[in-house]
Amino acid sequence: MSLPFDTAAIPAERLPELLGIMPKAELHMHIEGSLEPELIFALAQRNGVTIPYASVEELRKAYAFTNLQSFLDIYYAGASVLLTEQDFYDMAWAYLQRAAADNVRRAEMFFDPQTHTERGVSMATVIGGLHRACVDAKTALGVDAALILCFLRHLSEESAFETLEQALPFRDQFIGVGLDSSEVGHPPEKFARVFARCRELGLHLVAHAGEEGPPAYVWSALDVLKVERIDHGVQSTKDPALMKRLAADRIPLTVCPLSNLKLCVFPQLSQHNLGQLLDAGLIATVNSDDPAYFGGYMNENFLQTFAATGLDAKQAWQLAANSFEGSFADVAAKKQWRDELAHCFASFR
Ligand SMILES: [Zn+2]
C-alpha cells in the first residue's frame, strides 16, 4: 500500500515518540482489569470490604502470574470491592483518563457482569456507572467509548442467557457481546445458542479464542458463533488455512502483547508473532487486555513490543489504521481518525 508520507524517513530513535502521539483505538481491554491496587484499596475502604492483602505493595507483589488461571484468581478478588454505581464509574473514569493520555480516540471496553451479579450487585448498578463514564469521556476527554458485555465462559450457557436477559433493559448502553475468562476446556460452541440470540438482537459479536486454546477454537468462534473479531488469536499462526481465512475475511485480531508475556503465552516479547500476523496481511491490533495487572496501558504495549521485536514506523501506522478499521465505530468517525492518523505521520519531523 502506498502512503501519503514516507515512513522510511522516520529514524528509529524517534519511533517511541511517534508511537505515543499517534491516534489509536483500543478494542480489547477488560474494565475490571484496569483496577490499580491503589483504587482497589480506596474502594475497599469506602465500602468496608476486607481483602486478603495487607497493603498496596503486597497486592502489587501478588501480580506475579504463571498462567491465565492464576491471574483470574486475583482478578476476581480485586473486583469484589466494586459495589455501587459510583464505584463502577470511578473505575471506568480512571481507565478513560489513562486512555486519553495515550491518545486513544476510541475505546471499546469489556465488562463482566456475572462477576458482579453473582455477588448481588445489580445489572443497573454495573452498566449505569460504566455508561455514565463513557458519556462523560466523550465531552471531557475526547474519547469515544463503548461497552461490550462479556459472558464468562467457565460458567454455563444458561447463566449467559440469564445475564443477557438482565442486560436487555439497558440494550442501548452496550454495543455487543464477547466471551472471556478461562479458555481451555470451554470451547466457543458451548455458547452457540446465546450468541445466535445476540446476533438476532443486532449486537456485535466478538470472542476470546486462540490465546492459550488451539486454532480449532478460532475456527469455531468464526463458524459457530459467527464473531466479527477474534480477541487474541495469536495461536492462529499454527494453522496456515486459518491464517488465509482471517486475511481473506479481514477479521481483526485484538492482540495483547504484554498480557501474552505476563501469562507466558510467549516466553519473551522478542518472540511475539505480531510482526508475522501483519506480514500475513491480517488486521492485527495492539491492546492492553488487563492493563493494571499486565504492566502497561496502550502506549506501554506499543513501546515495549516495538523495542523487543524491531517493528518499524510503517507497521506502527498499520497497527493504528487497523485499530480504527477493526472498531465498531461508524464510518464517518473511522474516516476522521484515519485522516488524523495520516496527518500525524505526515507532519512528524
Ligand atoms: Zn482479554
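L43 sits in helix 2. Helices here are DSSP runs of H or I with at least four residues, strands are runs of E with at least two, and both are numbered from the N terminus. Keep in mind that this is a predicted model, where local features need pLDDT of at least 70, side-chain atom pairs count only at pLDDT 80 or more, and totals for chains, interfaces and linings use all residues. Residues are numbered from 1 along each chain as its sequence is written.

Is L43 buried or exposed? L43 counts as buried, because it has 22 C-beta neighbours inside 10 Å. The cut-offs go like this: a residue is buried with 20 or more other C-beta atoms within 10 Å of its own, exposed with 12 or fewer, and partly exposed in between, with C-beta atoms placed from the backbone. Skipping its neighbours within four places in sequence, L43 is in contact with V81, L82 and D87. Contact means that the C-beta atoms of two residues, placed from the backbone, lie within 7 Å.

The expected span in the table is 1.5 Å times one less than the number of residues.

| Helix | Residues | Length | First to last C-alpha | Expected span |
|---|---|---|---|---|
| Helix 4 | 68-79 | 12 residues | 16 Å | 16 Å |
| Helix 15 | 298-309 | 12 residues | 17 Å | 16 Å |

In helix 4, the buried residues are L68, F71, Y75, G78 and A79. Looking down the axis of helix 4, you find these buried residues within an arc of 90°, so they line one face of the helix. The arc is taken from the directions that run from the helix axis to the C-beta atoms. What do the buried residues of helix 4 pack against? Their partners are helix 2 (37-47), helix 6 (113-117) and helix 14 (291-294).

Helix 15 has M298, N299, N301, F302, T305 and F306 as its buried residues. They fall within an arc of 160° seen down the axis of helix 15, so they too line one face of the helix. Just after helix 15 comes G310, with a positive phi of about 75°.

H272 and T305 are 33 residues apart in sequence, yet 8.2 Å apart in space, C-alpha to C-alpha. H272 is buried because 22 other C-beta atoms lie within 10 Å. Leaving out neighbours within four places in sequence, H272 is in contact with P257, N260, F266, T305 and T309.

Next, a pair of crossing helices. Two packed helices are described by the angle between their axes and the distance between the axes. The axes of helix 5 (residues 85-101) and helix 7 (residues 123-141) come within 7 Å and cross at roughly 35°. These axes are lines fitted to C-alpha atoms over the stretch in contact, with angles running from 0 to 180 degrees between N-to-C directions. Among the residues that meet are F88, Y89 and W93 in helix 5, and V126, L130 and A133 in helix 7.

S181 has a phi near 80°, a positive value in a residue other than glycine. S181 lies in the loop between strand 4 (176-180) and helix 9 (192-200). H232, in strand 6 (residues 229-232), also has a positive phi, near 80°. H232 counts as buried because it has 27 C-beta neighbours inside 10 Å.
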